[in-house]
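Subject: Handover of a structure for your study

Dear colleague,

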Amino acid sequence: MANSPKIVITDLKTPVNGTMVVFTDEDLAFGAVAKAALKPSGDLVQRVAKIEKFKGKRNKVLDLAAPSGLKLEHLLIAGLGKPKDMQAEDWLKLGGTIMGRLPAAARNVTVLAEIAGGKLSADAAAQIALGMKLRAYKFDRYKTRKKDGEDEAKTPAAEIKIAAGNVADAKKAWAAAGGIGDGIVLARELVNEPPNVLFPVEFARRASELKKLGVQVEVLDEPAMKKLGMNALLAVGQGSERDSRLVIMRWNGAKKKSETPIAIVGKGVCFDTGGISIKPAASMEDMKGDMAGAACVTGLMHALAARKAKANVIGVIGIVENMPDGKAYRPGDILKSYSGQTIEVINTDAEGRLVLCDALAYTNERFKPKLIIDLATLTGAILVALGQEYAGLFSNDDKLAERLTEAGKVTGEHVWRMPLAPYYDKMIDSKFADMKNTGGRFGGSITAAQFLQRYIGKTPWAHLDIAGTGMAAHNSEIGDSWGPGWGVRLLNEFIAAHYEK
Ligand code: BES
Ligand code: MN
Ligand code: ZN
(Lines give C-alpha, C1' and ligand atoms only; values in the text may rest on other atoms or scores of the structure.)
(Ligands and ions follow the chains in the order given, each with its own letter.)
Protein backbone atom coordinates (compact mmCIF):
# COMPACT_ATOMS: atom_id res chain seq x y z
CA MET A 1 0.00 0.00 0.00
CA ALA A 2 1.23 3.47 -0.85
CA ASN A 3 3.14 5.49 1.66
CA SER A 4 3.63 2.90 4.30
CA PRO A 5 6.75 0.95 5.08
CA LYS A 6 6.92 -2.76 4.49
CA ILE A 7 6.90 -4.56 7.84
CA VAL A 8 8.89 -7.78 8.07
CA ILE A 9 8.76 -10.07 11.10
CA THR A 10 12.08 -11.73 11.93
CA ASP A 11 13.45 -13.44 15.01
CA LEU A 12 15.47 -11.95 17.83
CA LYS A 13 18.62 -13.67 16.61
CA THR A 14 18.75 -11.65 13.37
CA PRO A 15 21.93 -9.54 13.45
CA VAL A 16 21.16 -5.82 13.57
CA ASN A 17 23.05 -3.23 11.61
CA GLY A 18 21.93 0.24 10.60
CA THR A 19 19.27 1.37 13.08
CA MET A 20 18.33 -0.54 16.21
CA VAL A 21 15.26 0.28 18.30
CA VAL A 22 15.13 -1.15 21.82
CA PHE A 23 12.74 -0.78 24.75
CA THR A 24 13.48 0.09 28.31
CA ASP A 25 11.59 0.76 31.52
CA GLU A 26 11.86 3.12 34.47
CA ASP A 27 14.84 1.12 35.80
CA LEU A 28 16.56 1.58 32.42
CA ALA A 29 16.69 -2.21 32.16
CA PHE A 30 16.84 -4.00 28.78
CA GLY A 31 15.86 -7.36 27.37
CA ALA A 32 18.55 -10.02 27.04
CA VAL A 33 19.22 -9.52 23.30
CA ALA A 34 19.45 -5.73 23.62
CA LYS A 35 21.65 -6.04 26.68
CA ALA A 36 24.12 -8.27 24.84
CA ALA A 37 24.07 -6.01 21.78
CA LEU A 38 24.72 -2.89 23.88
CA LYS A 39 27.54 -4.45 25.91
CA PRO A 40 30.45 -3.18 23.72
CA SER A 41 29.28 0.40 24.36
CA GLY A 42 30.07 0.13 28.07
CA ASP A 43 28.23 2.74 30.14
CA LEU A 44 27.38 4.92 27.12
CA VAL A 45 23.61 4.51 27.49
CA GLN A 46 23.67 5.31 31.21
CA ARG A 47 25.77 8.44 30.59
CA VAL A 48 23.59 9.73 27.76
CA ALA A 49 20.44 8.98 29.77
CA LYS A 50 21.81 11.01 32.66
CA ILE A 51 22.78 13.99 30.50
CA GLU A 52 19.45 13.94 28.65
CA LYS A 53 17.48 13.30 31.88
CA PHE A 54 15.95 10.26 30.19
CA LYS A 55 14.17 8.15 32.78
CA GLY A 56 12.47 5.51 30.62
CA LYS A 57 9.07 7.19 30.86
CA ARG A 58 6.40 6.08 28.40
CA ASN A 59 6.77 7.52 24.88
CA LYS A 60 10.07 9.24 25.66
CA VAL A 61 12.71 8.31 23.10
CA LEU A 62 16.48 8.68 23.18
CA ASP A 63 18.23 8.84 19.81
CA LEU A 64 21.98 8.23 19.61
CA ALA A 65 23.79 8.60 16.27
CA ALA A 66 26.95 6.55 15.68
CA PRO A 67 26.94 5.15 19.24
CA SER A 68 30.52 4.52 20.25
CA GLY A 69 31.59 0.88 20.42
CA LEU A 70 28.60 -0.31 18.39
CA LYS A 71 28.42 -1.07 14.67
CA LEU A 72 25.18 0.92 14.39
CA GLU A 73 24.25 4.13 12.63
CA HIS A 74 21.45 4.90 15.05
CA LEU A 75 20.30 3.56 18.36
CA LEU A 76 16.80 4.48 19.52
CA ILE A 77 15.82 3.72 23.08
CA ALA A 78 12.08 3.91 23.69
CA GLY A 79 10.68 4.24 27.20
CA LEU A 80 7.73 2.13 28.31
CA GLY A 81 7.21 3.56 31.78
CA LYS A 82 5.73 0.58 33.61
CA PRO A 83 5.56 -2.18 30.95
CA LYS A 84 2.90 -4.10 32.89
CA ASP A 85 0.43 -1.23 32.46
CA MET A 86 0.76 -1.18 28.67
CA GLN A 87 -2.57 -1.76 26.87
CA ALA A 88 -2.99 -2.46 23.13
CA GLU A 89 -3.54 1.24 22.38
CA ASP A 90 -0.37 2.16 24.31
CA TRP A 91 1.75 -0.15 22.13
CA LEU A 92 0.12 1.33 19.03
CA LYS A 93 0.88 4.89 20.12
CA LEU A 94 4.41 3.92 21.07
CA GLY A 95 4.97 2.47 17.59
CA GLY A 96 3.74 5.75 16.13
CA THR A 97 5.98 7.78 18.41
CA ILE A 98 9.03 5.71 17.40
CA MET A 99 8.23 6.20 13.71
CA GLY A 100 7.99 9.95 14.30
CA ARG A 101 11.40 9.92 15.97
CA LEU A 102 13.23 7.83 13.37
CA PRO A 103 16.03 9.98 11.97
CA ALA A 104 15.69 11.17 8.38
CA ALA A 105 18.39 8.90 7.07
CA ALA A 106 17.56 5.83 9.14
CA ARG A 107 18.13 2.67 7.14
CA ASN A 108 17.90 -1.00 7.98
CA VAL A 109 15.59 -0.39 10.90
CA THR A 110 15.11 -3.28 13.33
CA VAL A 111 12.87 -3.10 16.39
CA LEU A 112 13.77 -5.62 19.11
CA ALA A 113 10.41 -6.73 20.51
CA GLU A 114 11.56 -7.57 24.02
CA ILE A 115 11.73 -6.02 27.47
CA ALA A 116 13.69 -6.74 30.62
CA GLY A 117 12.57 -10.16 31.77
CA GLY A 118 11.06 -11.38 28.50
CA LYS A 119 9.74 -11.10 25.01
CA LEU A 120 6.82 -8.90 24.01
CA SER A 121 3.55 -10.64 23.25
CA ALA A 122 2.84 -11.18 19.57
CA ASP A 123 -0.07 -8.75 19.86
CA ALA A 124 2.10 -6.03 21.39
CA ALA A 125 4.67 -6.49 18.59
CA ALA A 126 1.89 -6.24 15.99
CA GLN A 127 0.46 -3.09 17.57
CA ILE A 128 3.91 -1.45 17.52
CA ALA A 129 4.21 -2.31 13.83
CA LEU A 130 0.71 -0.97 13.13
CA GLY A 131 1.53 2.28 14.93
CA MET A 132 4.65 2.66 12.78
CA LYS A 133 2.74 1.95 9.59
CA LEU A 134 0.01 4.47 10.39
CA ARG A 135 2.44 7.17 11.46
CA ALA A 136 4.37 6.78 8.21
CA TYR A 137 1.27 7.37 6.07
CA LYS A 138 1.41 10.57 4.02
CA PHE A 139 -1.08 11.99 1.56
CA ASP A 140 1.23 13.83 -0.83
CA ARG A 141 0.18 12.47 -4.21
CA TYR A 142 -0.65 15.93 -5.52
CA LYS A 143 2.56 17.66 -4.46
CA THR A 144 4.92 18.04 -7.40
CA ARG A 145 7.53 19.91 -5.40
CA LYS A 146 8.92 19.40 -1.96
CA LYS A 147 9.35 22.19 0.51
CA ASP A 148 12.91 23.12 1.44
CA GLY A 149 14.36 20.50 3.73
CA GLU A 150 11.29 18.34 3.40
CA ASP A 151 12.62 15.82 0.91
CA GLU A 152 14.50 13.00 2.58
CA ALA A 153 13.70 14.37 6.01
CA LYS A 154 10.20 12.96 6.04
CA THR A 155 10.65 9.89 3.90
CA PRO A 156 10.02 6.95 6.19
CA ALA A 157 12.25 3.92 6.04
CA ALA A 158 11.02 1.67 3.24
CA GLU A 159 11.27 -1.51 5.28
CA ILE A 160 11.10 -2.14 9.00
CA LYS A 161 12.02 -5.37 10.72
CA ILE A 162 10.27 -6.39 13.90
CA ALA A 163 12.46 -8.95 15.65
CA ALA A 164 10.07 -11.00 17.75
CA GLY A 165 10.42 -13.76 20.32
CA ASN A 166 7.88 -16.08 18.78
CA VAL A 167 8.08 -15.50 15.05
CA ALA A 168 5.13 -17.69 14.07
CA ASP A 169 2.76 -15.98 16.52
CA ALA A 170 4.05 -12.52 15.64
CA LYS A 171 3.60 -13.20 11.92
CA LYS A 172 0.03 -14.30 12.53
CA ALA A 173 -0.70 -11.24 14.68
CA TRP A 174 0.82 -8.97 12.05
CA ALA A 175 -1.11 -10.59 9.21
CA ALA A 176 -4.29 -9.47 11.00
CA ALA A 177 -3.06 -6.09 12.27
CA GLY A 178 -1.49 -5.24 8.90
CA GLY A 179 -4.82 -5.97 7.20
CA ILE A 180 -6.55 -3.61 9.61
CA GLY A 181 -3.81 -1.07 8.85
CA ASP A 182 -4.50 -1.33 5.13
CA GLY A 183 -8.20 -0.77 5.87
CA ILE A 184 -7.37 2.38 7.84
CA VAL A 185 -5.08 3.64 5.07
CA LEU A 186 -7.87 3.05 2.54
CA ALA A 187 -10.32 5.02 4.70
CA ARG A 188 -7.77 7.84 5.03
CA GLU A 189 -7.16 7.95 1.28
CA LEU A 190 -10.88 8.18 0.52
CA VAL A 191 -11.38 11.06 2.98
CA ASN A 192 -8.26 12.93 1.83
CA GLU A 193 -8.94 12.70 -1.91
CA PRO A 194 -10.24 15.93 -3.48
CA PRO A 195 -13.88 16.01 -4.59
CA ASN A 196 -13.01 16.41 -8.28
CA VAL A 197 -11.23 13.06 -8.07
CA LEU A 198 -13.44 11.16 -5.65
CA PHE A 199 -17.04 11.55 -6.86
CA PRO A 200 -19.73 8.87 -6.36
CA VAL A 201 -18.95 6.71 -9.42
CA GLU A 202 -15.22 6.75 -8.60
CA PHE A 203 -15.93 5.92 -4.94
CA ALA A 204 -18.05 2.96 -6.09
CA ARG A 205 -15.21 1.83 -8.36
CA ARG A 206 -12.73 1.90 -5.48
CA ALA A 207 -15.14 0.00 -3.23
CA SER A 208 -15.54 -2.56 -6.03
CA GLU A 209 -11.82 -3.30 -5.78
CA LEU A 210 -12.57 -5.11 -2.52
CA LYS A 211 -13.72 -7.98 -4.73
CA LYS A 212 -10.03 -8.90 -4.98
CA LEU A 213 -10.14 -9.72 -1.27
CA GLY A 214 -13.24 -11.87 -1.57
CA VAL A 215 -15.82 -9.23 -0.66
CA GLN A 216 -19.03 -9.43 -2.72
CA VAL A 217 -19.77 -5.98 -4.09
CA GLU A 218 -23.01 -4.84 -5.68
CA VAL A 219 -23.41 -1.33 -7.12
CA LEU A 220 -26.85 0.20 -7.64
CA ASP A 221 -27.01 2.98 -10.21
CA GLU A 222 -29.69 5.69 -10.44
CA PRO A 223 -32.23 3.73 -12.50
CA ALA A 224 -31.93 0.81 -10.06
CA MET A 225 -32.47 3.11 -7.08
CA LYS A 226 -35.36 4.87 -8.84
CA LYS A 227 -37.03 1.50 -9.36
CA LEU A 228 -36.64 0.70 -5.67
CA GLY A 229 -38.11 4.08 -4.70
CA MET A 230 -35.04 5.59 -3.04
CA ASN A 231 -36.31 9.09 -3.72
CA ALA A 232 -34.78 10.75 -0.67
CA LEU A 233 -31.23 9.70 -1.57
CA LEU A 234 -31.81 10.50 -5.24
CA ALA A 235 -33.20 13.97 -4.42
CA VAL A 236 -29.92 14.93 -2.76
CA GLY A 237 -27.93 13.94 -5.84
CA GLN A 238 -30.30 15.37 -8.44
CA GLY A 239 -28.61 18.79 -8.54
CA SER A 240 -25.25 17.25 -9.36
CA GLU A 241 -23.73 16.43 -12.74
CA ARG A 242 -22.32 13.36 -11.02
CA ASP A 243 -24.50 10.27 -10.73
CA SER A 244 -25.36 8.84 -7.31
CA ARG A 245 -24.62 5.27 -6.25
CA LEU A 246 -25.51 2.81 -3.52
CA VAL A 247 -22.85 0.17 -2.83
CA ILE A 248 -23.51 -3.04 -0.94
CA MET A 249 -20.46 -4.94 0.28
CA ARG A 250 -20.73 -8.41 1.80
CA TRP A 251 -18.15 -10.32 3.78
CA ASN A 252 -19.34 -13.83 4.64
CA GLY A 253 -16.65 -15.09 6.99
CA ALA A 254 -18.79 -16.84 9.62
CA LYS A 255 -18.43 -20.61 10.04
CA LYS A 256 -22.15 -20.87 9.38
CA LYS A 257 -22.58 -19.15 6.03
CA SER A 258 -26.30 -18.64 6.72
CA GLU A 259 -25.59 -16.81 10.01
CA THR A 260 -27.66 -13.59 10.19
CA PRO A 261 -25.31 -10.70 9.36
CA ILE A 262 -24.68 -7.45 11.14
CA ALA A 263 -24.88 -4.32 8.98
CA ILE A 264 -22.80 -1.14 8.92
CA VAL A 265 -24.14 1.82 6.92
CA GLY A 266 -22.21 4.96 5.94
CA LYS A 267 -23.02 8.49 4.76
CA GLY A 268 -21.06 9.20 1.60
CA VAL A 269 -21.58 12.79 0.53
CA CYS A 270 -18.53 13.26 -1.69
CA PHE A 271 -19.03 17.00 -1.52
CA ASP A 272 -21.60 18.97 0.46
CA THR A 273 -22.18 22.51 -0.77
CA GLY A 274 -25.41 22.63 1.20
CA GLY A 275 -27.33 22.66 -2.10
CA ILE A 276 -29.87 25.47 -2.57
CA SER A 277 -29.55 26.20 1.19
CA ILE A 278 -25.93 26.88 0.29
CA LYS A 279 -23.19 26.93 2.92
CA PRO A 280 -21.01 29.99 3.59
CA ALA A 281 -17.64 30.01 1.77
CA ALA A 282 -15.42 29.69 4.84
CA SER A 283 -14.00 26.16 5.13
CA MET A 284 -16.40 24.79 2.53
CA GLU A 285 -13.45 22.85 1.11
CA ASP A 286 -13.62 20.66 4.23
CA MET A 287 -16.88 19.25 2.90
CA LYS A 288 -14.87 16.86 0.73
CA GLY A 289 -14.71 14.87 3.97
CA ASP A 290 -18.48 14.51 4.20
CA MET A 291 -18.09 10.91 3.08
CA ALA A 292 -16.03 9.85 6.12
CA GLY A 293 -18.79 7.49 7.28
CA ALA A 294 -18.76 5.67 3.94
CA ALA A 295 -14.95 5.68 3.96
CA CYS A 296 -14.95 4.01 7.38
CA VAL A 297 -17.39 1.32 6.20
CA THR A 298 -15.23 0.63 3.13
CA GLY A 299 -12.03 0.55 5.17
CA LEU A 300 -13.69 -1.77 7.68
CA MET A 301 -14.79 -4.20 4.96
CA HIS A 302 -11.21 -4.20 3.68
CA ALA A 303 -9.91 -4.93 7.19
CA LEU A 304 -12.42 -7.74 7.82
CA ALA A 305 -11.64 -9.43 4.51
CA ALA A 306 -7.88 -8.98 4.83
CA ARG A 307 -7.82 -10.66 8.23
CA LYS A 308 -10.51 -13.17 7.22
CA ALA A 309 -12.82 -12.23 10.07
CA LYS A 310 -15.13 -15.04 11.16
CA ALA A 311 -18.28 -12.96 10.92
CA ASN A 312 -20.97 -12.11 8.39
CA VAL A 313 -20.96 -8.37 7.84
CA ILE A 314 -22.83 -6.20 5.33
CA GLY A 315 -21.49 -2.74 4.51
CA VAL A 316 -23.80 -0.31 2.74
CA ILE A 317 -22.81 3.17 1.56
CA GLY A 318 -24.99 5.85 -0.01
CA ILE A 319 -22.80 8.05 -2.21
CA VAL A 320 -23.96 11.36 -3.66
CA GLU A 321 -22.86 14.92 -4.29
CA ASN A 322 -25.00 17.78 -2.88
CA MET A 323 -24.98 20.67 -5.39
CA PRO A 324 -27.12 23.72 -6.18
CA ASP A 325 -28.42 23.68 -9.75
CA GLY A 326 -31.52 24.18 -11.87
CA LYS A 327 -32.32 20.55 -11.26
CA ALA A 328 -31.52 20.62 -7.55
CA TYR A 329 -34.08 19.73 -4.89
CA ARG A 330 -35.59 22.65 -3.03
CA PRO A 331 -36.71 23.65 0.45
CA GLY A 332 -40.43 22.91 0.42
CA ASP A 333 -40.14 19.78 -1.71
CA ILE A 334 -41.89 16.73 -0.30
CA LEU A 335 -40.07 13.44 -0.91
CA LYS A 336 -41.45 9.92 -0.70
CA SER A 337 -38.66 7.84 0.82
CA TYR A 338 -37.93 4.15 0.20
CA SER A 339 -39.80 3.26 3.42
CA GLY A 340 -42.93 5.01 2.14
CA GLN A 341 -42.74 7.77 4.73
CA THR A 342 -42.82 11.33 3.36
CA ILE A 343 -40.36 14.10 4.16
CA GLU A 344 -40.78 17.85 3.84
CA VAL A 345 -37.44 19.42 2.94
CA ILE A 346 -36.81 22.47 5.10
CA ASN A 347 -33.09 22.79 4.46
CA THR A 348 -31.21 21.12 1.60
CA ASP A 349 -28.06 21.19 3.75
CA ALA A 350 -29.62 18.57 6.05
CA GLU A 351 -28.94 16.04 3.28
CA GLY A 352 -27.08 13.32 5.15
CA ARG A 353 -30.20 12.03 6.87
CA LEU A 354 -31.97 11.85 3.48
CA VAL A 355 -29.20 9.65 2.09
CA LEU A 356 -29.13 7.52 5.22
CA CYS A 357 -32.87 7.04 5.63
CA ASP A 358 -33.08 5.20 2.30
CA ALA A 359 -29.85 3.27 2.87
CA LEU A 360 -30.96 2.25 6.39
CA ALA A 361 -34.51 1.24 5.46
CA TYR A 362 -33.27 -0.75 2.46
CA THR A 363 -30.56 -2.53 4.46
CA ASN A 364 -33.00 -3.35 7.23
CA GLU A 365 -35.68 -4.70 4.91
CA ARG A 366 -33.42 -6.64 2.57
CA PHE A 367 -30.99 -8.24 5.02
CA LYS A 368 -32.96 -8.26 8.30
CA PRO A 369 -29.61 -7.91 10.10
CA LYS A 370 -28.99 -8.66 13.80
CA LEU A 371 -28.18 -5.01 14.27
CA ILE A 372 -27.37 -1.89 12.28
CA ILE A 373 -24.68 0.66 13.04
CA ASP A 374 -24.46 3.80 10.92
CA LEU A 375 -21.63 6.31 10.72
CA ALA A 376 -22.12 9.82 9.40
CA THR A 377 -20.56 13.28 9.45
CA LEU A 378 -24.11 14.34 10.13
CA THR A 379 -24.22 17.56 12.15
CA GLY A 380 -22.08 20.56 13.02
CA ALA A 381 -23.94 20.48 16.34
CA ILE A 382 -22.04 17.38 17.45
CA LEU A 383 -18.83 19.43 17.19
CA VAL A 384 -20.38 22.03 19.45
CA ALA A 385 -21.37 19.34 21.96
CA LEU A 386 -18.34 17.04 21.96
CA GLY A 387 -15.52 18.68 20.02
CA GLN A 388 -13.19 16.38 18.10
CA GLU A 389 -12.37 13.82 20.77
CA TYR A 390 -15.61 11.85 21.15
CA ALA A 391 -18.10 10.78 18.51
CA GLY A 392 -21.78 11.10 19.39
CA LEU A 393 -23.47 7.75 20.00
CA PHE A 394 -27.24 7.37 19.72
CA SER A 395 -28.88 4.00 20.21
CA ASN A 396 -32.17 2.25 20.86
CA ASP A 397 -30.32 -0.64 22.52
CA ASP A 398 -28.39 -0.39 25.80
CA LYS A 399 -26.29 -3.51 25.22
CA LEU A 400 -25.18 -2.32 21.78
CA ALA A 401 -24.37 1.14 23.17
CA GLU A 402 -22.39 -0.43 26.01
CA ARG A 403 -20.40 -2.66 23.66
CA LEU A 404 -19.51 0.22 21.34
CA THR A 405 -18.43 2.32 24.31
CA GLU A 406 -16.21 -0.51 25.57
CA ALA A 407 -14.68 -1.09 22.11
CA GLY A 408 -13.91 2.64 21.97
CA LYS A 409 -12.02 2.42 25.24
CA VAL A 410 -9.88 -0.41 23.82
CA THR A 411 -8.97 1.38 20.57
CA GLY A 412 -8.98 4.96 21.84
CA GLU A 413 -11.79 5.95 19.44
CA HIS A 414 -14.14 7.24 22.07
CA VAL A 415 -17.91 7.53 21.82
CA TRP A 416 -20.28 9.37 24.13
CA ARG A 417 -23.92 8.40 24.41
CA MET A 418 -26.49 11.07 23.68
CA PRO A 419 -30.23 10.85 24.36
CA LEU A 420 -33.17 9.84 22.19
CA ALA A 421 -36.67 10.67 23.49
CA PRO A 422 -40.25 11.34 22.28
CA TYR A 423 -39.81 15.04 23.12
CA TYR A 424 -37.09 15.37 20.46
CA ASP A 425 -38.99 13.19 18.01
CA LYS A 426 -41.92 15.65 18.03
CA MET A 427 -39.57 18.41 16.92
CA ILE A 428 -39.39 16.91 13.43
CA ASP A 429 -43.13 16.46 12.86
CA SER A 430 -44.23 18.36 9.73
CA LYS A 431 -47.38 20.25 8.89
CA PHE A 432 -47.43 18.88 5.34
CA ALA A 433 -45.65 15.52 5.42
CA ASP A 434 -44.76 12.75 7.89
CA MET A 435 -41.66 14.59 9.00
CA LYS A 436 -39.35 17.55 8.29
CA ASN A 437 -35.67 17.13 7.57
CA THR A 438 -34.62 19.60 10.28
CA GLY A 439 -35.83 20.19 13.81
CA GLY A 440 -34.76 23.76 14.47
CA ARG A 441 -31.71 25.15 16.22
CA PHE A 442 -31.85 23.28 19.52
CA GLY A 443 -30.55 19.73 19.92
CA GLY A 444 -29.50 19.54 16.27
CA SER A 445 -27.59 16.26 16.58
CA ILE A 446 -30.43 14.66 18.52
CA THR A 447 -33.21 15.62 16.10
CA ALA A 448 -31.03 14.29 13.27
CA ALA A 449 -30.73 10.97 15.12
CA GLN A 450 -34.50 10.95 15.80
CA PHE A 451 -35.03 11.31 12.07
CA LEU A 452 -32.90 8.22 11.38
CA GLN A 453 -34.65 6.26 14.12
CA ARG A 454 -37.90 6.54 12.16
CA TYR A 455 -36.35 4.25 9.52
CA ILE A 456 -34.95 1.31 11.48
CA GLY A 457 -38.08 -0.18 13.09
CA LYS A 458 -37.28 -2.41 16.06
CA THR A 459 -33.83 -3.54 14.87
CA PRO A 460 -31.09 -2.86 17.44
CA TRP A 461 -29.39 0.22 16.02
CA ALA A 462 -26.62 2.67 16.83
CA HIS A 463 -25.84 5.91 15.06
CA LEU A 464 -22.37 7.45 15.34
CA ASP A 465 -22.20 11.15 14.48
CA ILE A 466 -18.56 11.52 13.39
CA ALA A 467 -18.62 15.12 12.11
CA GLY A 468 -16.03 15.91 14.81
CA THR A 469 -13.87 12.78 14.70
CA GLY A 470 -14.03 11.62 11.07
CA MET A 471 -12.25 14.47 9.28
CA ALA A 472 -10.00 17.49 9.81
CA ALA A 473 -8.16 15.47 12.45
CA HIS A 474 -5.48 16.79 14.80
CA ASN A 475 -1.99 15.36 14.60
CA SER A 476 -1.56 12.40 16.90
CA GLU A 477 0.95 9.68 17.67
CA ILE A 478 -0.51 7.62 14.85
CA GLY A 479 -0.33 10.25 12.17
CA ASP A 480 -1.08 13.69 10.82
CA SER A 481 -3.53 12.62 8.12
CA TRP A 482 -6.46 15.04 7.65
CA GLY A 483 -8.65 12.00 7.22
CA PRO A 484 -7.81 9.87 10.25
CA GLY A 485 -9.57 6.66 9.25
CA TRP A 486 -11.61 7.01 12.42
CA GLY A 487 -13.82 4.06 13.35
CA VAL A 488 -12.13 1.24 11.42
CA ARG A 489 -10.35 -0.06 14.50
CA LEU A 490 -13.42 0.64 16.67
CA LEU A 491 -15.80 -1.46 14.58
CA ASN A 492 -13.19 -4.11 13.93
CA GLU A 493 -12.75 -4.46 17.70
CA PHE A 494 -16.52 -4.49 18.26
CA ILE A 495 -16.92 -7.31 15.72
CA ALA A 496 -13.89 -9.28 16.95
CA ALA A 497 -15.05 -9.08 20.57
CA HIS A 498 -18.68 -10.13 20.03
CA TYR A 499 -19.35 -11.69 16.64
CA GLU A 500 -16.49 -14.06 15.91
CA LYS A 501 -16.93 -16.56 18.72
N1 BES B 1 -22.06 17.64 6.50
C2 BES B 1 -22.73 18.54 7.35
C3 BES B 1 -22.31 18.41 8.81
C4 BES B 1 -20.87 18.74 9.13
C5 BES B 1 -20.52 19.97 9.62
C6 BES B 1 -19.89 17.78 9.01
C7 BES B 1 -19.21 20.25 9.94
C8 BES B 1 -18.57 18.06 9.32
C9 BES B 1 -18.23 19.29 9.79
C10 BES B 1 -24.22 18.29 7.27
O11 BES B 1 -24.70 17.82 6.06
C12 BES B 1 -24.90 19.59 7.52
O13 BES B 1 -24.76 20.47 6.74
N14 BES B 1 -25.64 19.67 8.63
C15 BES B 1 -26.33 20.86 8.99
C16 BES B 1 -27.72 20.48 9.42
C17 BES B 1 -28.65 21.66 9.57
C18 BES B 1 -28.94 22.27 8.23
C19 BES B 1 -29.91 21.17 10.21
C20 BES B 1 -25.56 21.51 10.13
O21 BES B 1 -24.98 20.79 10.95
O22 BES B 1 -25.52 22.72 10.17
MN1 MN C 1 -25.12 19.41 4.70
ZN1 ZN D 1 -23.39 16.81 4.87
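The model is predicted: local features need pLDDT of at least 70, side-chain atom pairs count only at pLDDT 80 or more, and totals for chains, interfaces and linings use all residues. Residues are numbered from 1 along each chain as its sequence is written, chains are lettered from A and ligands numbered from 1 in the order in which they are written, and side-chain values use heavy atoms, with hydrogens and water left out.

The whole chain

Along the principal axes, the C-alpha atoms fill a box of roughly 85 × 50 × 40 Å.

Of the 501 residues, 56% count as buried (under 20% relative accessible area; exposed is over 50%, and partly exposed lies in between, with a 1.4 Å probe and protein chains only). Among contacts (heavy atoms within 4.5 Å) with a separation of 6 or more, 79% join residues 24 or more positions apart.

The ligand

Ligand 1 is surrounded by 17 residues, and the closest are Lys-279, Asp-290, Asp-349, Glu-351 and Gly-380; a residue is counted here if one of its heavy atoms lies within 4 Å. This shell divides into five nonpolar, five polar and seven charged residues. In that division, Ala, Val, Leu, Ile, Met, Phe, Trp, Tyr, Cys and Pro count as nonpolar, Asp, Glu, Lys and Arg as charged, and the others, Gly among them, as polar.

A backbone N or O atom of Gly-380 lies 2.7 Å from one, a side-chain N or O atom of Glu-351 is 2.8 Å from one, and a polar side-chain atom of Asp-272 lies 3.0 Å from one. The protein covers 78% of the 520 Å² of accessible area that ligand 1 has on its own (Shrake-Rupley method with a 1.4 Å probe).

Arg-58 is found in the loop between α2 (44-51) and β3 (61-65), and it is partly exposed, with a relative accessible area of 27%. Its side chain reaches the backbone oxygen of Leu-80 at 2.9 Å, and the backbone oxygen of Lys-82 lies 3.4 Å from a polar atom of that side chain.

Is Asn-492 buried or exposed? Asn-492 is buried, at 8% relative accessible area. It sits in helix α15 (residues 488-498) and touches Ile-180, Leu-300, Leu-304 and Arg-307, not counting residues up to four places away in sequence.

Most residues other than glycine have a negative phi. Lys-308, however, has a positive phi of about 50°; it lies in the loop between α9 (292-306) and β12 (312-322) and is exposed, at 61%. Lys-368 has a positive phi near 40°, lies in the loop between α10 (352-367) and β15 (372-376), and counts as exposed at 60% relative accessibility.

Yours sincerely,
A colleague

Technical notes: A polar contact is a pair of N or O atoms within 3.5 Å; within protein, one must be able to donate a hydrogen and the other to accept it, and residues adjacent in sequence count only if both atoms are side-chain atoms. Helices (H or I, at least four residues) and strands (E, at least two) are DSSP runs, numbered from the N terminus.
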